[in-house]
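Visitor: Could you show me the structure, and then let me ask about it piece by piece?
Guide: Gladly, here it is.
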Amino acid sequence: YFPKIDPDAMPTHPRISLLSVSMRPALRSISWRRWLDLAATNTERYQLHFFTEPFFDPRDYHESWHILGYTRRECVTNPYTEYAFWVYDDVVLTNEIEKKMANDKFD
């Protein structure tokens, strides 16, 4: 079940969701900073969902299962998301990629 969306309301909401989960504070303090800057300067396009808690019990599921849980929840609960991208916590955004993501249109 997906709710009906008013087409006139679409441009006012971010359409691209960037998701990430990290249980490694030292690593995310470096990598997530640039993603936060990108989303802050492009609020009409990007919406960040960064998580520090596991979606499933880590004793029962490998870390990769958190990707599926958080992504599924985003797709079901946020009707304005057209694209959902998973960003691993060890991916660092460089200046060149950041400029391209800020300027290019995904339409």
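Visitor: Is proline 54 buried, partly exposed or exposed?
Guide: Proline 54 counts as partly exposed, because its relative accessibility is 26%, where buried means under 20% relative accessible area, exposed over 50%, and partly exposed in between, with a 1.4 Å probe and protein chains only. This is a predicted model, in which local features need pLDDT of at least 70 and side-chain atom pairs count only at pLDDT 80 or more, while totals for chains, interfaces and linings use all residues. Residues are numbered from 1 along each chain as its sequence is written, and side-chain values use heavy atoms, with hydrogens and water left out.

Visitor: Where does proline 54 sit, and what is it in contact with?
Guide: Proline 54 lies in the loop between E2 and H2, where helices (H or I, at least four residues) and strands (E, at least two) are DSSP runs numbered from the N terminus. Leaving aside neighbours within four places in sequence, proline 54 is in contact with Met23, His66 and Tyr70, contact meaning heavy atoms within 4.5 Å. Methionine 23 is 31 residues from proline 54 in sequence, and their C-alpha atoms are 7.7 Å apart in space.

Visitor: Stepping back, what is the pattern along the protein chain?
Guide: The protein chain has three helices and three strands, and read along the sequence they follow the pattern β-α-β-α-β-α. Of the 107 residues in the protein chain, 32% are buried. Among contacts with a separation of 6 or more, 75% are between residues 24 or more positions apart.

Visitor: Which residues of H2 are buried?
Guide: In H2 the buried residues are His66, Ile67, Gly69, Tyr70 and Glu74, and what covers the buried residues of H2 includes strand E1 (16–21), strand E2 (46–51) and strand E3 (83–86). Isoleucine 67 counts as buried because its relative accessibility is 17%, and isoleucine 67 touches Trp86 and Tyr88, not counting residues up to four places away in sequence. By contrast, serine 64, also placed in helix H2, is partly exposed, with a relative accessible area of 39%.

Visitor: And what should H2 span?
Guide: The 14 residues of helix H2 (residues 64–77) should span 20 Å at 1.5 Å a residue, and the end C-alpha atoms are 21 Å apart, which agrees. The expected span of a helix is 1.5 Å times one less than its number of residues.

Visitor: Where is the kink in H1?
Guide: The kink in H1 is centred on tryptophan 32 and comes to about 35 degrees, the bend at a residue being the angle between axes fitted to the seven residues ending there and the seven starting there. Tryptophan 32 is also one of the buried residues of H1, which include Arg28, Trp35 and Leu38.

Visitor: New topic: how much space lies in the second largest pocket?
Guide: About 190 Å³ of space lies in the second largest pocket. Of the 13 residues that line the second largest pocket, the closest to its centre are Val21, Arg24, Glu63, Tyr88 and Asp89. On a 1 Å grid over the protein atoms alone, where a 1.4 Å probe fits, a pocket is an open set of points with protein on both sides within 12 Å along at least five of seven lines, and lining residues have an atom within 4 Å of a point.

Visitor: What comes from H2 there?
Guide: H2 gives the largest share of that lining, three residues.

Methods: Points joined across faces, edges and corners; volume = space filled by probe spheres on them.
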